[in-house]
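Subject: Model handover and interface notes

Hello,

Here is the model we discussed. My notes on the interfaces follow below it.

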Number of protein chains: 4
Amino acid sequence: MAERAIPATLRVAVIGTGRMGADHVRRIQSVISGARVSAVVDVDAERAKAVAARVDGCTAYTDPVVALAAADVDAVLVASPGPAHEAALLAAFAHDLPVLCEKPLTPDAASALRVLEAEQALGHRRVQVGFMRRYDAEYVKLKALLETGQLGRPLMLHNRHRNVASPPFFTSSMLISDSVAHEVDATRWLLGHEITAVTVLRPTPSVNAPDALLDPQFVVLETDGGALSDVEIFVNCGFGYQVQAEVVCERGTARVGDGHGLVTHMAGRWGGTIAQDFTERFADAYDREIQAWVDATRRGEVTGPSTWDGYAAAAVCEAGVRALEEGGRAEVALVERPALYG
Amino acid sequence: MAERAIPATLRVAVIGTGRMGADHVRRIQSVISGARVSAVVDVDAERAKAVAARVDGCTAYTDPVVALAAADVDAVLVASPGPAHEAALLAAFAHDLPVLCEKPLTPDAASALRVLEAEQALGHRRVQVGFMRRYDAEYVKLKALLETGQLGRPLMLHNRHRNVASPPFFTSSMLISDSVAHEVDATRWLLGHEITAVTVLRPTPSVNAPDALLDPQFVVLETDGGALSDVEIFVNCGFGYQVQAEVVCERGTARVGDGHGLVTHMAGRWGGTIAQDFTERFADAYDREIQAWVDATRRGEVTGPSTWDGYAAAAVCEAGVRALEEGGRAEVALVERPALYG
Amino acid sequence: MAERAIPATLRVAVIGTGRMGADHVRRIQSVISGARVSAVVDVDAERAKAVAARVDGCTAYTDPVVALAAADVDAVLVASPGPAHEAALLAAFAHDLPVLCEKPLTPDAASALRVLEAEQALGHRRVQVGFMRRYDAEYVKLKALLETGQLGRPLMLHNRHRNVASPPFFTSSMLISDSVAHEVDATRWLLGHEITAVTVLRPTPSVNAPDALLDPQFVVLETDGGALSDVEIFVNCGFGYQVQAEVVCERGTARVGDGHGLVTHMAGRWGGTIAQDFTERFADAYDREIQAWVDATRRGEVTGPSTWDGYAAAAVCEAGVRALEEGGRAEVALVERPALYG
Amino acid sequence: MAERAIPATLRVAVIGTGRMGADHVRRIQSVISGARVSAVVDVDAERAKAVAARVDGCTAYTDPVVALAAADVDAVLVASPGPAHEAALLAAFAHDLPVLCEKPLTPDAASALRVLEAEQALGHRRVQVGFMRRYDAEYVKLKALLETGQLGRPLMLHNRHRNVASPPFFTSSMLISDSVAHEVDATRWLLGHEITAVTVLRPTPSVNAPDALLDPQFVVLETDGGALSDVEIFVNCGFGYQVQAEVVCERGTARVGDGHGLVTHMAGRWGGTIAQDFTERFADAYDREIQAWVDATRRGEVTGPSTWDGYAAAAVCEAGVRALEEGGRAEVALVERPALYG
């Protein structure tokens, strides 16, 4: 980043002002340290203006290309819908701007590969992909524990991913590409392996799944380290939002996500409440993720999940959707890992 | 027990055929090994006959003295109301019969002392007192852990004792003499200390306590080993039956009684059910207690809580009731421990 | 059982006096109610004599056929090695004796089918198969919860089955036929479904697995009710014996097997100990199983897992071993369910 | 605060640059939003300079009076030793500056009362006292649950407060005034009651307590709402830092502080690690506390624990030390609550 001096307070353009983007604007302005929002971009001009009006010194745009050319933009946070990511990323690359790109990097492996190649052409990393489980305190402890080697080599990873209910637009393949995408990244990150094949099993759908939605699904990921990672994905479980992981190693197991903070005893039952959505379960993880990105960017560094991670996740999810649709086991094909992501 | 040969199957007279006595008849006949019920005794002749009619070879009596003189009685289980215990125990001593006496040994220290002296006059132990926590699997593990010395010396014991609701006849002093009596024994047994003083604190009663019942109470027991044992007794807690103990030692703590067997996730909550009464919570402990008594008796031995333990509990509870009624701290006076209970 | 009057105390012949058989002899003599051991049978005559010598009125035999012809045998407990079960069962059928047969019913589906046909020829059920998870207090609660319908229809069942270390003679296919056999029965019983296909996945074996042993394995069972049941079987996990099950239903989940009785805090860690083998974890389940069999037999009834359950488990395990050896998914073929097991 | 306009970024003077003060400087600069450190003050000039050198636009001072007179100070964070608090607070009042004052407000009730009177003379609240448990996520949930009324009226509160080891300068009375001070505030806040009497019980000290330190202690607080709050304070427990609270209400109980995030199974044991000090256990609570103070201050408001709360805690702790030293029960005398803190 020799070309641009980063000021004490990082000026961020946020692309996309839907639920996620608006929440990131609030986070940057009111929670974390060292950054402010100088531009917001949305194809919906009214929505962009409404968000900008609540922030001192923030300009509203409808076109990312125009926004990123502005003098008061040091970095970009992409929170628009997945299909718009590629264009936003390429615009950021044109100005050599650091980017935090919400997951997915792009909706499919081919477009992810184009982004990968564009970043390589820049000659240095610019992108952090928004796989925020890597910033959840419990997942961080689990990763640290695995790295100590106390438990020995990981053999299996059991994941649970449950939502209260799916939004109306959700399709059977989105259980893989939108939801299991997180476990794809968590598996790669926790185990340090690439995923080589995906099998998707389909129990009889729940009576609470909307018409024709194959929910739940049970996904088995195989890795090049010889490990298995299974994922229960159940997006209409009805009772709460749960993300749990249990890693089984040669000398022991470790589990996160039980979420047992406040325990009550009442009316013949003991227990506690279950978070109802990801903003409750992962609020702190999002804060840490954005703070880590701001801090690294101000130091002139790029850390966290890379474009390669985004590409690999896209390729695995693509194989997963194929396995879902065709039945059985689908192999994952990745290009060779470029030296930039070594 | 040189005087009597014990047959392969111990023939037991059960005195008292109320809820507790009838349950022990069922236990001896249908659950445990090595014993059968040959006599039942109740002042209510119809009740005694009804119970006897369900058991092969069982005679109904109304007078314990007559029952214990029968040829087919090898041992006695006393489950009549507390005020009837002294007479039953002395009748058993007259025939030198082994006795399992439900708690309390007797309702007050003076009568307990008379039983203690009568057993000493026999020259050998005959009584096991029914403090069944000593037979609960978790309490047994806790005691075993303390005895390893891993945790160091015990400094404090925190006890919780909660009932859904108290029976109509329950009085404020019965929270001490009937309920806390269990924690008095558990404290003495787990710590291996005698209790030297009792303080009873009285928060404003729960709106769910019947008129004039001081419920909950908070009891602090001091021991001759310099430890403290506090007891929350709450007999109208409304939500379940809970008996929990946490011992705090010089190098760590240990806790029993959480009761977390089956865990559910449903309707925004995780957790499980709470037992609703002691027959559910301590069913296995009762089975083990009676089996242990039968086994020891068939070997010609007396094990388990002794008459001394029954007397000490009576004396501590008596001081507790005094502390409750007069406020403040009441000291416990015990006679010197006879050599028989060394 | 019109032909034979059952005496007050059931006289049991125990076939096989190895670890399991000897433990059942102890259980019948010293723990449960209503039965005694009148005969023991072992091809090792010295071992049979040694066990018989410790029991009043017990005769030692080497041949089950001779033993079961004795006048003082009312019922049979088969605890010999699996390959000897068929002959023992047929001998029991010859005298129309009730049998508790340790799992497996027989080692393969063909022999199990012969037993099934022989029992049908008798015209009434005589066999209870020793799937003792059905008698574990937590599994019983889980089954009862599922039957209330509160959680809705079961969609998935996640099972964990871990042993500290495998015995020297253990082979890769025994992880299925000997260990997963329990989860096969638990799946059938909890869900009330038959299993239609088995897939076995093989992660890279643990460094602690003996040479050539494929350990752990990950097994996915499909059922005719459209549910999935996955099993982690790991027989050299090193840290303890764990059997856990989590059922995922349309409206919630339920989990058993955490085993969190005594909780300690010490040296920077909280937690508890893990059972080291099945005799510790399932001691109470075995007691309840044998007591239930004795009680039912004395009432002239046959309850518990049937010959059909034993046959179905054998057929599923056979398919599982095929899936393990050939890779991929193996379908399960069952004969039509006879009316006797309706 | 009509007199002063608060700029977009709050300029904070931090008084005291020891462990706590330095950590707050880091927090304001690098974690939270909307504030920066413009001045640091320490009697140790070198230490103040070293801290100031790491912060852009920060001046080092040795005298709080001089520092608070500077034009670029909008608010004050007092993190100096307790005996220096009164002077710092009065200096802040002289400039009508908002203050976050670390606990204790002052070391005794008499000086706390002087501060209370000085703030009343200002005519409006300026002080937030640093009782940070009110910002811990679990305590916040517990408070919210109590306020729903679901559990009914609180009857008892059981608190555990354990440290690995006490610092060399710790005295027996500091277990009350420094440690139990937190539970004094938590009791007042959670129950909404004032504390009326304190009893301190002293078990035989742990072998790991330094010479003459009375550790552990068991403290019973009585409230004007008729509730009891007991506190186990054990500052040399050896195994970890634990802060737990269980409130017992008329219809149920609720507990926080178990801290069961990451669960491992290894070497015959299940469980997890225990935090080793308060910076680990309460890191997020400190972040939320300072952010809440900055946010309220920028809005021109004063929220959080008040000077009255600081005074009441000082008075209760003073009674507690008296109870410790004299034995028995000490009553708490509070002045009438001024209307300003209504």
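Contact here means heavy atoms within 4.5 Å. By that rule, 35 residues of chain C are in contact with 35 residues of chain A.

This is a predicted model: local features need pLDDT of at least 70, side-chain atom pairs count only at pLDDT 80 or more, and totals for chains, interfaces and linings use all residues. Residues are numbered from 1 along each chain as its sequence is written, chains are lettered from A and ligands numbered from 1 in the order written, and side-chain values use heavy atoms, with hydrogens and water left out.

**Chains C and A**

Together they bury about 2600 Å², 60% of it on carbon and sulfur atoms. Buried area is the accessible area (1.4 Å probe) that two parts lose on being put together, summed over both. C:Met156, C:Phe218 and C:Glu250 supply 18% of the area chain C buries against chain A, more than any other three residues.

There are four salt bridges between chain C and chain A (a side-chain nitrogen of Lys or Arg within 4 Å of a carboxyl oxygen of Asp or Glu). One of them joins C:Glu246 to A:Arg162, with the closest N and O atoms 3.2 Å apart.

**Chains A and D**

Here the contact takes 30 residues from chain A and 30 residues from chain D. The two chains bury about 2200 Å² between them, 49% of it on carbon and sulfur atoms. A:Arg255, A:Leu262 and A:Met266 supply 24% of the area chain A buries against chain D, more than any other three residues.

The salt bridge count is two. D:Asp284 forms one with A:Arg288, the closest N and O atoms being 3.8 Å apart.

**Annotation**

UniProt, in an unreviewed entry, places "domain: Gfo/Idh/MocA-like oxidoreductase C-terminal" at residues 143–330 of chain A. Its positions are given in the numbering used here, feature names are shortened, and annotations may be inferred rather than shown by experiment.

Best wishes
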